[in-house]
Protein chains: 2
Amino acid sequence: VPFATALAAALSLEWLHTASLVQDDLPCMDDDPVRRRTPSAHVRHGEGLALLASDALVALAFEDVAALARDPAVGAERAATLLAALARELGAGGTVGGQALDLLARERGVTDLRTLLEIHRHKTAPLFRLAATVGAVLADLPPARRAALEATLASLGVAFQIVDDLLDAAPRPGNGLGRPLGSDARARRATFATAVRHERARDLARTLAVPFATLGGAEPLRTAFARLAEFVVVRSG
Amino acid sequence: VPFATALAAALSLEWLHTASLVQDDLPCMDDDPVRRRTPSAHVRHGEGLALLASDALVALAFEDVAALARDPAVGAERAATLLAALARELGAGGTVGGQALDLLARERGVTDLRTLLEIHRHKTAPLFRLAATVGAVLADLPPARRAALEATLASLGVAFQIVDDLLDAAPRPGNGLGRPLGSDARARRATFATAVRHERARDLARTLAVPFATLGGAEPLRTAFARLAEFVVVRSG
């Protein structure tokens, strides 16, 4: 696949990701006034325009992938497969459903480990898995290898979210997330920091990252996979 | 095209439409507590879940149309064309961009006729035009006929919105819209009721509906088009 094609597909994932961050920060979700060390979109532009910007980014993601149907390196068949995956991972069975589970768990004060993993598997894993799907479809991987890659990335996504929970609760200045410390606690979100002791949570994240760390393949990819997995687990921001 | 195929495509438009209504009713948009004579989604389920429901409906629309790629009556090529149209009419150049224009006009207190038509052309026309696109693509209409049908439906969409503005401002109980009278005025929306005298607005709506009313074709479609156009102009709810 040409670099420009892969870049267009990768950018679509970034539009979806950014849209999800803008929505997550809204007062009716996590109510976070700060994102990446600057005021959140709704603080700067108002809730209405922020919400519309996230809507527009979602539409742009679908529009850019739909345009790949006319890219000879992709074609209509594979573009349609990608669009179906985008919609599935985004929707009620994916990240939107995961955020709904999160809201409901908060409302009911549920913070057990089982629920927490369920939320992360639905809310954070889908966009990671989608990255695997996009790569696998563009590279024409056989179904079994595509499924294995998707499971690997989904697992890494849950590891990422566990560490995110830990960092949000870290009792020290400058946790590196670019948002105020303890914003999860204020929003009464169930997080791994409240559910299990920190070391156990970090161990769980490490275990979940193993399939990605050991993906293998040719150098320098082999080393890059291992380093990225390690970063997800030990990162401080 | 088989009936089941057409129905699946039509339902996708309805998912997009319902999603737009749920979002429009949110406090950060039109702040309407009533929709179709019952409490709006956010009043009943909270803002967070209402917003997620609208997100899920948008994803479902794309998912259902993407699934048409495997329908032999549609195929991947036409499904990709439909998905591109969905994304385009929904996004920054479509209904989401139109709602942003609306919010900005309110903020600035702009209510002139030119701006109002610009808002309606972006906010309301896209979903009407999309219905034409979906029908034309599924029926394999030649490009010129597809473009004419799209222009006709977009024009009917603007007519529909003009009459919607008039009904919202109608000084009588039970305007039939299923929402409180004057909710547009409370939200300081620029509407046709404030911009021009009612009769002139109704005349403009009638003119805009003419292309649809005179679409012609075989009976009973010919009569159905004319009656639907008349209903859009004279409706009381």
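Visitor: What does A:V232 touch?

Guide: Leaving aside residues up to four places away in sequence, A:V232 touches A:L156, A:A159, A:F160 and A:V163. Keep in mind that this is a predicted model. A:V232 itself sits in helix α12 of chain A, residues 221–234.

Visitor: What makes A:V232 count as buried?

Guide: Buried means under 20% relative accessible area. A:V232 comes in at 5%, so it counts as buried.

Visitor: How far apart are A:V232 and A:P126, in sequence and in space?

Guide: They are 106 residues apart along the chain, and 17 Å apart in space from C-alpha to C-alpha.

Visitor: Over to chain B. How do you know whether B:T152 is buried or exposed?

Guide: Use the cut-off again: under 20% is buried. B:T152 has 8% relative accessibility, so it is buried. You'll find B:T152 in helix α8 of chain B, residues 143–169, and it touches B:P211, B:F212 and B:L215, not counting residues up to four places away in sequence.

Visitor: And why is B:D31 called partly exposed?

Guide: Partly exposed is the range between under 20% (buried) and over 50% (exposed). B:D31 has 45% relative accessibility, so it lands in that range. B:D31 lies in the loop between α1 (3–24) and β1 (34–35) of chain B, and has a positive phi of about 55° although it isn't a glycine.

Visitor: How do you know how the two copies are related?

Guide: Chain A can be laid on chain B with an RMSD of 0.0 Å, using a turn of 180° and a shift of 0.0 Å along the axis. The copies are thus related as by a two-fold rotation axis. In chain A, the C-alpha nearest that axis belongs to A:A76, 2.7 Å from it.

Visitor: Why can you say the copies meet through the same surface?

Guide: Because 100% of chain A's interface residues are interface residues in chain B as well. The contact takes 31 residues from chain A and 31 residues from chain B. Together the chains bury about 2600 Å², 80% of it on carbon and sulfur atoms.

Visitor: How many salt bridges are there between chain A and chain B?

Guide: A salt bridge needs a Lys or Arg side-chain nitrogen within 4 Å of an Asp or Glu carboxyl oxygen. Between chain A and chain B the count is 0.

Visitor: What makes α4(A) mostly covered?

Guide: Of its 16 residues, 13 are buried. Helix α4 of chain A, residues 75–90, reaches 22 Å from first C-alpha to last, close to the 22 Å expected at 1.5 Å a residue.

Visitor: Which residues have the most contacts inside the largest nonpolar core?

Guide: A:F62 and B:F62, in a core of 78 residues. A:F62 touches residues of both chains, including A:L83, A:L86, B:F62 and B:A87. There's also a second, separate core of 24 residues, with B:V158 and B:V232 among them.

Note on methods
Residues numbered from 1 in each chain as written. Chains lettered and ligands numbered in written order. Predicted model: local features only at pLDDT ≥ 70, side-chain atom pairs only at ≥ 80, totals over all residues. Heavy atoms only, no water. Least-squares fit on C-alpha atoms with pLDDT ≥ 70 in both. Contact = heavy atoms within 4.5 Å. Helix = DSSP H or I, 4+ residues; strand = E, 2+ residues; numbered from the N terminus. Expected span 1.5 Å × (residues − 1). Buried < 20%, exposed > 50% of the residue type's maximum accessible area, 1.4 Å probe, protein only. Core = buried A, V, L, I, M, F, W, Y, C linked by side-chain atoms within 4.5 Å. Buried area = accessible area lost by both parts, 1.4 Å probe.
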